[in-house]
Amino acid sequence: MLSLLHELWCFVRENKKYWLIPLILALLLFGALILFSSGSIAAPFIYTLF
C-alpha cells in the first residue's frame with residue numbers, strides 16, 4: 001500500500017498533475033466512510049446516498 005501511494009505521488013509530481021490530489025483524497029475519504037460505516041447503525045443512511 002505504501003509503495004502504491006509513493007508511486008502515485010511520484011507520477012503526480014513528475015507530470016505536474018496536481019489536480020489529481022483532491023480527486024484521490026475524495027476517493028480515499030469515500031472508501032474510508034464506506035469501510036468504517038459498514039457495521040454501524042448509520043450504514044443504511046449512508047448507502048442511500050449512493
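Select Lys16 first. Just after helix 1, this residue takes a positive phi of about 55°. Lys16 is not a glycine, yet its phi is positive. Look at its setting: Lys16 sits in the loop between helix 1 (2–15) and helix 2 (20–37). Helices here are DSSP runs of H or I with at least four residues, strands are runs of E with at least two, and both are numbered from the N terminus. Is Lys16 buried or exposed? Lys16 is exposed, at a relative accessible area of 60%. The classes are buried under 20% relative accessible area, exposed over 50%, and partly exposed in between, using a 1.4 Å probe and protein chains only.

A word on the model. This is a predicted model, in which local features need pLDDT of at least 70, side-chain atom pairs count only at pLDDT 80 or more, and totals for chains, interfaces and linings use all residues. Residues are numbered from 1 along each chain as its sequence is written, and side-chain values use heavy atoms, with hydrogens and water left out.

Now select helix 1. It has 14 residues and reaches 20 Å from first C-alpha to last, close to the 20 Å expected at 1.5 Å a residue. The expected span is 1.5 Å times one less than the number of residues.

Stay in helix 1 and pick Trp9. Trp9 is partly exposed, at 40% relative accessibility.

Next, select Leu5, Leu8, Phe11, Leu25 and Leu28. Together they form a nonpolar patch on the surface, with about 430 Å² of accessible area. Helix 1 and helix 2 are the elements that give two or more residues to this patch. Which element gives the largest share? Helix 1 does, with three residues. Leu8 belongs to helix 1 and is partly exposed, at 31% relative accessibility. Nonpolar side chains (Val, Leu, Ile, Met, Phe, Trp, Tyr) are joined within 5 Å, like charges within 9 Å.

Zoom out to the whole chain. It has three helices and zero strands, in the order α-α-α. Buried residues make up 12% of its 50 residues. Its accessible surface comes to about 4400 Å², of which 76% belongs to carbon and sulfur atoms. Areas come from the Shrake-Rupley method with a 1.4 Å probe; for residues, only the protein chains shown count as cover.

Finally, color by pLDDT, the predictor's confidence in each residue, from 0 to 100. The chain averages 81, and 74% of the residues score at least 70. Confidence is lowest in helix 3 (residues 43–47), at a mean of 68, and highest in helix 1, at 88.

How values were computed: Patch = residues over 30% accessible without salt bridge, like charges linked within 9 Å, V, L, I, M, F, W, Y side chains within 5 Å. Salt bridge = Lys/Arg side-chain N within 4 Å of Asp/Glu carboxyl O.
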